[in-house]
Amino acid sequence: MDLKELYQEIILDHGKNPRNKKRCKGFNKQAEGHNPLCGDKVHIFLKLNKEKKVEDISFEGEGCAISIASASIMTETIKGKEFNVAKKILENFLNMLKDGSKLKINSLSEDQNTTMKSLSGVKQFPMRVKCATLAWHTFMHAAEEKKQKANTEKAD
Ligand code: ZN
């Protein structure tokens with residue numbers, strides 16, 4: 001199996017069997033996000049503890065396979081991480097989709113790295129980039145308690 005096939009398989013798997021797709025217990029932050037160009041909607045539930053660690057994170061939503069897979073991958077990758085680390089992972093992910101930068105995060109396992117990289121292919125499709133980044137932007141909205149919905153068509 002070549003890398004491209006492996007990446008497709010990972011996205012398909014997360015799209016079909018999304019991880020953490022529920023309302024997690026005891027969440028203390030939440031935000032909604034919308035990608036009007038594709039119709040993707042996501043609602044992030046975040047439990048950030050006193051030590052600023054992501055104790056739990058989950059999502060609900062509906063949308064294309066990429067948006068669901070990306071939300072699933074995001075929650076799986078960020079769960080259990082310090083908020084500062086989570087922020088770095090997010091920045092790395094956005095850069096990877098923007099200009100193809102390599103991921104530079106020490107705290108990820110090889111599996112997690114591969115899983116995140118599986119979404120790198122959407123870089124060639126600007127419309128799909130919005131599907132892939134929606135949940136990640138919405139996570140930041142939840143963490144920063146922004147009142148407005150995350151919207152891929154409005155600058156933050
Ligand atoms: Zn989409």
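Biologist: Where is V54?
Modeller: V54 is placed in strand β3, which covers 54-62. Helices (H or I, at least four residues) and strands (E, at least two) are DSSP runs, numbered from the N terminus.

Biologist: What kind of model is this, and how are residues numbered?
Modeller: This is a predicted model, where local features need pLDDT of at least 70, side-chain atom pairs count only at pLDDT 80 or more, and totals for chains, interfaces and linings use all residues. Residues are numbered from 1 along each chain as its sequence is written, and side-chain values use heavy atoms, with hydrogens and water left out.

Biologist: Back to V54. Buried or exposed?
Modeller: V54 counts as buried because its relative accessibility is 0%. Buried means under 20% relative accessible area, exposed over 50%, and partly exposed in between (1.4 Å probe, protein chains only).

Biologist: What does V54 touch?
Modeller: Leaving out residues up to four places away in sequence, V54 touches L46, K47, L48, I78, K79, G80, K81 and A86. Contact here means heavy atoms within 4.5 Å.

Biologist: Which residues touch the most others in the largest nonpolar core?
Modeller: Those are M116, W136 and F139, in a core of 40 residues. A nonpolar core is a set of buried Ala, Val, Leu, Ile, Met, Phe, Trp, Tyr and Cys residues joined through side-chain atoms within 4.5 Å.

Biologist: Which element gives the most to this core?
Modeller: Helix α5, with 10 residues. The elements giving two or more residues are β2, β3, α2, α3 (83-99) and α5.

Biologist: And what does F139 touch?
Modeller: Residues up to four places away in sequence aside, F139 touches I44, L46, I57, M74, I78, F83, A86 and L90.

Biologist: How do α1 and α2 cross?
Modeller: The axes of helix α1 (residues 3-16) and helix α2 (residues 65-78) come within 8 Å and cross at roughly 90°. That makes α1 roughly perpendicular to α2. Axes are lines fitted to C-alpha atoms, for helices over the stretch in contact, and angles run from 0 to 180 degrees between N-to-C directions. Under 35 degrees counts as roughly parallel, over 145 as roughly antiparallel, 65 to 115 as roughly perpendicular, and the rest as oblique.

Biologist: Which residues of α1 meet α2?
Modeller: I11, H14 and G15 do, and on the α2 side they meet A65, I66, I68, A69, S72, I73 and E76.

Biologist: What about α1 and α4?
Modeller: Helix α4 (residues 110-117) packs against α1 at about 90°, with the axes 9 Å apart. L6, Y7, I10 and H14 of α1 make the contact with T114, T115 and K117 of α4.

Biologist: Last one. Where is N20 found?
Modeller: N20 is in the loop between α1 and β1 (29-35). Phi of N20 is near 60°, a positive value in a residue other than glycine. Most residues other than glycine have a negative phi.
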